[in-house]
Each structure stands twice: as C-alpha cells, then as structure tokens.
Amino acid sequence: MAVYELKQTLEAPSSTKGMIHWLKDNLFSTPINTLLTLSGVALLFYIIPPFLNWAVFDADFVGSTREQCTSGGACWVFIHAKIDMFMYGFYPAAEVWRLKTALALILVIVAIFKFFKSNKIRFSILTLYFIISYILISGGYFGLEHVPTEKWGGLMLTVVVATVGIIFSFPIGIIVAFGRQSDLPIIKSVCVTYVELIRGVPLITILFMSSIVLPLFFPEGVTFDKLLRALIGLTFFQAAYVAENIRGGLQSIPSGQYEAADAIGLSYWQKMILVILPQALKVAIPNLVGAFISLFQDTTLVLIIGLFDLLAMVRIAAADSYWLGMETEGYVFVTAIFWAFCYGMSRYSNKLEKQFNTNLK
Amino acid sequence: MLALLRNQKVRGILFQILTILSVVAFLWYIGDNTMTNIEQRGIKTGFAFLDGTAGFEIDEAPISFSSSDTYGRVFLVGLLNTLIVTFVGIIFATILGLLVGILRLSKNWLIRKIATAYIDIFRNIPILLQILFWYNVVLNAMPSPKQSLEFVGGIFVNNRGLYIPKPDMNSTTIFVLTSLAIVFVSIYLLNKWANKRQETTGEDFPVIIVGFSALVLVPIVAYFIGGADFNFDYPALRGFNFQGGKTISPEFLALTFALVIYTATFIAEAIRSGIEAVSKGQKEAAASIGLSGYQALKLVVLPQAIRIAIPPVINQYLNLAKNSSLAAAVGYPEIITLFAGITLNQVGQAIEIIAITMLVYLTISLVVSALLNWFNHKMKIKER
C-alpha cells in the first residue's frame with residue numbers, strides 16, 4: 001500500500017497587489033526590463049530637473065525691467081512685459097478692448113446655446129457673431145476706428161487665420177467631396193484634379209502662389225490685402241484635405257441609404273444634405289478634427305510670407321534691443337500655447353471618436 | 001421643354017456643360033488678365049531665364065557651383081538638397097519611429113509612459129516652430145568655434161555646425177564600403193531564399209543571427225585585407241574656424257532634427273496601431289499550433305502588422321518631403337529657398353518659377369503614390 005505523505009503547503013505569494021508587486025511586474029520583471037527602467041529614469045533625470053530649475057526654481061516671475069532678472073534662470077518678466085504684443089500684435093492699445101469684447105461674446109454664445117437647441121437658430125446666432133466680431137476687430141463702422149490688417153498680429157491673428165480657414169474650407173470641402181463621388185464624369189475629374197493637385201504640393205508653395213501670383217490674375221486696380229491673400233491660399237489648401245476626410249465618411253455609407261433616399265423621391269441635394277451628409281460627418285469628425293489641428297499648426301507658415309502671427313512675434317519681441325537674448329523664453333512660451341491648443345483639440349477628437357464608436361455599435 | 005429639364009440624364013449633361021463653360025471662362029479671364037498685367041509690368045515670359053547667370057554663391061552645394069553658373073544649375077542644386085534632406089530625414093525618422101512605436105507597446109510602465117509623452121508633446125507642436133527652436137535656441141546656444149564642444153572620435157559641435165572626421169578614400173575604406181554593400185545584397189538574397197525554403201519545407205533559417213554576424217564580421221575581415229589602414233581627415237581649429245573633415249551646417253542640422261523628431265511621432269503611432277490591429281485570436285492561434293513567441297511574431301503578427309502600418313508610414317514620408325520646404329525659414333539652400341526665394345526675387349517670373357517648384361513636389365507625390373499602389377498590390381492577401 002502506497003504511503004502518501006502530506007507535502008508542506010506552499011507559501012502564499014508575497015503579494016499580488018500593492019506597490020511592490022506592481023513595481024516588480026511593471027518595472028523590474030526581467031533583467032532587460034530593469035535596464036530599460038534604469039535608463040528611463042536616467043533620461044528623465046537628465047531632462048526634467050535642469051528644465052524645472054531653468055523654468056521654475058531659478059526663474060524670475062515678477063518685475064518689469066530686465067535688471068530684475070538676477071537668478072540666472074528663465075526671465076519670464078520678458079513675457080510679462082511683452083504680453084500685449086504676443087496676444088494682439090501691433091493692435092493699438094486703446095482699441096484692445098474690442099478684441100476682449102469679441103472674446104467675451106463667445107461666453108455669451110455658449111450661454112445662449114444652452115437655451116436654443118434648434119440648429120437654424122444656432123447657425124444664425126453664430127453668423128451674427130462672426131459679423132459682429134469682424135466689425136469689432138476691423139472697425140470702420142459705428143464710429144469704431146479702422147484698424148488695418150497690417151496691425152493685426154500675435155495670437156489674435158493666429159486664431160483669426162485658423163477660424164476663417166476652418167469655417168470657409170468646410171463648405172468648399174463638402175462640395176468638392178460630393179463632386180468627387182458624383183456620377184458625372186466631368187464634375188468628378190475636376191474635383192479629383194483639384195484635390196490631388198493641392199495635396200501633392202506643400203502649403204508654402206500655395207502661399208507663395210496666393211501672395212505673389214494671385215494679384216497677377218486680376219485686373220489692375222483690384223487689390224487684395226496681404227492677410228486676405230494668405231487666407232485664400234490657406235482655405236483652398238485646407239478644403240482639399242477636408243474634402244478627402246469627408247469622402248472617407250461618404251464611402252462608409254452603405255448604398256442602401258442612397259437608394260432609400262431615391263426611393264422616397266428626394267432630389268439630389270435633399271438626399272445628400274438630409275440623409276447622407278449627417279451620417280458621413282459623424283464618421284468623418286475625428287479625422288476632421290485632426291485636419292483642423294494640422295491647419296492650426298500650419299497657420300505658423302504665414303510668417304514666411306510676412307504676416308506677424310504668434311510665432312513671428314517671438315522674433316520681433318526679442319529683437320527689442322533692451323530685451324536682447326530673450327528668444328528662448330519667447331519660444332518656450334509660444335510652444336506652450338500652441339501645444340495646449342493642439343493637445344486639447346486632439347484629446348477632444350479622441351473623446352468624439354469614442355463617443356461615436358459606441359453609437360455605431 | 002420642362003419635361004426634358006426634369007430628365008436626370010439631360011440635367012446631368014447640362015450641368016456638366018455649365019461646369020466646363022464656367023471653368024473655361026474663369027481660366028480665360030485670369031489668363032487674359034495675367035497677360036495684360038505681365039505686359040504692363042514688363043515681366044518676361046518663357047523659360048529662357050534658366051540659362052541666365054545666377055550671380056550668387058551657394059554655401060552647401062552637393063555639386064560644384066559658382067556664381068557664374070546658370071539658374072538651371074541653381075534649380076538642380078536646390079532639387080538635390082531637397083532630396084538629401086528628405087532621404088536623411090526618412091532614414092532617421094524611420095529608425096526613431098520604429099523604436100518609439102515598439103517602446104510604446106513595452107510591458108515596462110515607465111518606458112511606455114516616456115514614449116507616449118514624447119509622441120504627445122512633439123506631434124502637437126507646429127513643425128515650423130520646432131525648426132526655429134532648434135535653429136535659434138539650441139544651436140545658437142552652442143559655444144563659438146574656439147570653445148567647441150568636443151566628443152570622442154574627433155567630433156566637434158559649435159554654433160557654426162557639426163564637424164565630423166571624413167575617411168580618406170584609400171584602399172581600406174573602399175574595401176570596407178564594398179564589403180558592406182555586398183553583405184546587404186547577400187542578406188536580402190538570403191532572406192528571400194529562407195522565406196522560400198520556409199514555405200516549401202517548413203524549416204526555419206536564422207536569418208537575423210547570420211545576417212547580423214555577417215554585418216559585423218565581414219567589414220572587419222575586409223578592413224584587414226584592405227591593409228588595415230584607416231586614415232581620417234580630422235577637423236581641426238585653424239584660426240577662427242575649423243578646417244578639414246566634413247562640416248554639417250546648423251541649417252541642415254536644425255531642419256533634419258526637427259523633421260525627424262516630428263515625423264517619427266507619426267511613424268511611431270502608425271507602427272503601434274499596425275501591431276495592435278492584429279487580432280488577439282491570431283496570436284492565440286499561433287500559440288495553439290505550437291509556435292514560439294519569436295516564431296509567432298515573425299510568421300504571424302508582423303506580416304499582418306506590416307500590411308496595415310506601411311501605407312500610413314509611406315504617407316508620412318511624403319509629408320516629410322513636403323515639410324522639408326520649411327527650410328526657407330532657416331535658409332537651408334533647397335528648392336524653395338534657392339528657386340522660389342532667391343531666383344524668384346532676381347528674375348521676377350513668378351508664374352514659371354512657382355509652377356516648376358510645384359511640379360517638383362507633384363512629381364515626388366506621384367512617385368510616392370505609385371510606390372504605395374505597388375506595395376498595396378504586392379501585399380494584397382493572396383488566398384490559396
């Protein structure tokens with residue numbers, strides 16, 4: 001008869017939860033992993049403390065003159081002294097309240113939107129808002145002093161360029177995307193040529209074209225503002241990308257939807273606007289936000305054709321002989337602003353993507 | 001008549017005719033205006049300017065260039081420099097992107113977070129801002145030539161650029177370079193053969209180990225056969241600046257660095273999503289038929305991941321080529337700076353010059369999309 005001996009019970013694992021276990025599992029599971037962790041720590045140690053020292057601990061925040069920057073780190077006093085320039089460019093200081101009003105009106109609109117759910121009313125309110133802000137910013141009516149676009153600059157110009165680009169490229173992009181999906185061969189080839197031509201060249205060539213060649217296209221006497229020329233170039237550039245994204249959305253709509261719309265006797269435009277587009281936009285929105293992020297980044301290119309956007313302001317502000325050598329602070333500040341805008345938008349697009357994904361399934 | 005208008009076909013044709021008419025009318029209108037404007041302003045037309053003498057010097061010309069050369073040669077220099085930046089950028093961006101993409105999927109929490117932070121930070125900063133940052137802040141902060149930072153192996157960095165030793169073209173160098181070329185070709189052929197054998201017999205061949213050891217050993221052997229005589233031309237400080245060696249200008253450094261760092265974030269994302277897109281069932285199936293972890297990766301996961309990841313990566317290459325046009329902001333002499341910038345200012349024939357420049361980029365785009373189509377065709381799932 002076999003004799004079975006009771007074996008000693010195994011010791012319980014030290015822990016499957018808690019800090020130590022997590023560390024073991026995630027950072028030190030194998031020798032290679034440990035090595036990776038250590039080099040990661042070294043990398044962070046090499047980058048973060050010196051940067052924090054420069055930007056925070058050794059930095060000077062208060063004051064108004066260069067002499068108050070004594071501790072050797074970043075001199076944020078420079079940003080403080082030039083903040084109006086970074087924000088509004090050369091916009092006359094006495095008129096800056098107009099920009100602030102236009103900004104504050106956005107809050108009013110958000111509040112109004114809480115009460116009016118109808119798309120038609122919202123659309124009219126938005127249109128009204130853009131007209132009012134244009135009058136506020138540019139002036140020339142109602143006793144407001146006219147501020148020529150040469151004086152626009154800084155973050156305000158960047159936001160104006162991006163907003164105008166987004167708003168006007170959207171309808172053009174939708175029409176081109178419809179054209180590309182159309183059965184009519186000539187319409188289709190015109191749209192395909194447009195999209196592929198634009199997408200094949202860098203934005204800077206389009207901007208050169210709109211700023212140098214465009215004036216040649218129109219009779220003597222018709223003059224375009226420098227800003228307007230940049231906006232035309234940027235809008236038509238962006239429209240090609242918007243069209244591609246919307247086409248992606250259109251292609252995801254099953255043909256049954258088109259046939260159903262035809263069957264109940266809708267016209268082409270009724271079919272596209274009431275049935276197809278709402279579904280296609282839903283699919284395309286995450287990509288569209290992506291396209292708008294790149295548009296926002298691309299607005300920096302206007303400095304190459306001589307407009308003073310936020311990025312161009314760094315050079316101008318640091319060229320002040322009193323603040324010479326403050327370029328680093330300027331670039332870091334501007335980087336932070338651009339980064340915050342773009343990162344915020346990309347987070348938002350991630351959120352939208354998740355939201356729409358669950359809706360579809 | 002009205003019934004005819006309600007006919008969809010008739011309306012389609014009418015609408016198209018209207019489109020053609022309006023496009024033609026628009027083109028005629030701007031063409032006519034342009035001709036009048038050009039005549040009035042006394043601007044020349046045609047491409048004869050390409051034979052005109054440029055009259056300026058170019059600092060970084062890959063082919064010999066002097067101020068007595070023609071604008072045609074200026075165009076060529078610009079084109080070559082665009083291609084050089086694009087080529088170097090693509091190579092480094094691929095390496096960095098691949099590395100970060102893989103690290104983002106690492107089991108190590110810290111490494112994963114660092115890779116994610118890198119991607120989140122750099123893809124959300126405009127590329128032009130990054131180029132200007134590296135150029136104006138980082139490279140400007142470098143010391144003057146007299147106080148250059150020295151690295152091992154005779155590499156110097158100062159605010160005028162990066163100086164690296166240049167090997168003399170003697171027999172050793174030529175031997176080593178040829179041996180490297182031979183090794184690369186043989187690895188490619190070996191890989192082809194091994195794949196074929198794998199498919200017909202199922203036997204695996206350790207291509208990576210053999211290839212890697214060949215890559216290390218063969219050049220060493222070639223070095224000794226070639227006379228073991230490496231002779232470098234070291235950069236050295238003479239007077240106020242460095243002489244000898246190979247100089248890499250700050251413009252090129254800033255541009256390439258920014259392009260690589262920016263594009264690598266997108267490549268890393270493409271690679272990550274390609275690997276993540278391979279379904280879990282595929283990995284489980286691979287494990288269940290007894291493949292090892294490495295075999296599963298090589299035979300099951302990677303072939304499927306590559307199919308998904310490569311098209312967006314190639315698109316990023318195209319974006320890199322297009323973004324290289326931002327060299328104009330720092331004055332690196334590529335096609336935009338030289339041709340659409342300096343030449344345009346001197347000659348004034350905006351229409352011709354911008355058309356040529358756009359055509360260059362369009363050609364690059366067409367070549368890349370042809371490449372993409374070829375790849376998609378080749379990678380199409382072949383059902384047996």
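This is a predicted model: local features need pLDDT of at least 70, side-chain atom pairs count only at pLDDT 80 or more; totals for chains, interfaces and linings use all residues.
What share of the contacts in chain A between residues at least 6 apart in sequence join residues at least 24 apart? The share is 65%.

## Chain A as a whole

Chain A contains 13 helices and 0 strands.

The C-alpha trace of chain A spans about 110 × 75 × 45 Å along its principal axes. The radius of gyration of chain A is 28 Å, whereas a compact globule of 361 residues would have one near 21 Å. Of the 361 residues in chain A, 31% are buried.

Helix 4 of chain A covers residues 96-115, and A:Ala104 lies in it. Is A:Ala104 buried or exposed? A:Ala104 has 10 other C-beta atoms within 10 Å, so A:Ala104 is exposed.

A:Ala104 can also be compared in position with A:Gly200. These residues are 96 residues apart along the chain, and their C-alpha atoms are separated by 40 Å.

## Helices 8 and 9 of chain A

Helix 8 (residues 203-213) and helix 9 (residues 226-251) of chain A pack with their axes 8 Å apart, at an angle of about 140°. That angle makes helix 8 of chain A oblique to helix 9 of chain A, because the cut-off for roughly antiparallel is over 145 degrees. The crossing of helix 8 of chain A past helix 9 of chain A is right-handed.

On the helix 8 side of chain A, the residues that meet helix 9 are A:Leu203, A:Ile206, A:Leu207, A:Met209, A:Ser210 and A:Ser211. On the helix 9 side of chain A, they are A:Lys226, A:Arg229, A:Ala230, A:Ile232, A:Gly233 and A:Phe237. By class, the residues of this contact between helix 8 and helix 9 of chain A comprise 7 nonpolar, 3 polar and 2 charged.

The cut-off for a buried residue is 20 or more other C-beta atoms within 10 Å. A:Thr205 has 25 other C-beta atoms within 10 Å, so A:Thr205 is buried.

Which residues are in contact with A:Thr205, leaving aside its neighbours within four places in sequence? They are B:Ser325, B:Ala340, B:Ile354, B:Thr357, B:Met358 and B:Tyr361. From A:Thr205 to A:Trp339 there are 134 residues in sequence and 25 Å in space, C-alpha to C-alpha.

## Chain B as a whole

Chain B has 12 helices and 8 strands. Its radius of gyration is 27 Å, well over the 21 Å that the globule rule gives for 384 residues, so chain B is more spread out than a compact globule.

The C-alpha atoms of chain B fill a box of roughly 80 × 75 × 40 Å along the principal axes. Buried residues account for 29% of the 384 residues in chain B. Of the contacts in chain B with a separation of 6 or more, 65% are between residues 24 or more positions apart.

## Where the chains touch

In chain B, 45 residues are in contact with 41 residues of chain A. The helices of chain B that each supply at least two residues of this side include helix 5 (127-138), helix 10 (293-323), helix 11 (335-347) and helix 12 (350-379). Helix 2 of chain B gives the largest share of the side that touches chain A, 12 residues. That side of chain B has 28 nonpolar, 14 polar and 3 charged residues.

## A helix pair across the two chains

Helix 2 (residues 31-57) of chain A packs with helix 4 of chain B at an angle of about 45°, and their axes are 8 Å apart. The two helices are therefore oblique to each other. Helix 2 of chain A passes helix 4 of chain B in a left-handed crossing.

Helix 2 of chain A brings A:Leu36, A:Thr37, A:Gly40 and A:Leu43 to the contact, while helix 4 of chain B brings B:Leu110, B:Ile111 and B:Ile114. The residues of this contact are 5 nonpolar, 2 polar and no charged.

Technical notes. Residues are numbered from 1 along each chain as its sequence is written. Chains are lettered from A and ligands numbered from 1 in the order in which they are written. Helices (H or I, at least four residues) and strands (E, at least two) are DSSP runs, numbered from the N terminus. A residue is buried if 20 or more other C-beta atoms lie within 10 Å of its own, exposed if 12 or fewer, and partly exposed in between; C-beta atoms are placed from the backbone. The radius of gyration is taken over C-alpha atoms; the globule rule is 2.2 Å times the number of residues to the power 0.38. Two residues are in contact if their C-beta atoms, placed from the backbone, lie within 7 Å. Ala, Val, Leu, Ile, Met, Phe, Trp, Tyr, Cys and Pro count as nonpolar, Asp, Glu, Lys and Arg as charged, and the others, Gly among them, as polar. Axes are lines fitted to C-alpha atoms, for helices over the stretch in contact, and angles run from 0 to 180 degrees between N-to-C directions. Angles under 35 degrees count as roughly parallel, over 145 as roughly antiparallel, 65 to 115 as roughly perpendicular and the rest as oblique. A crossing is left-handed if the near helix is turned anticlockwise from the far one by less than a right angle, and right-handed if clockwise.
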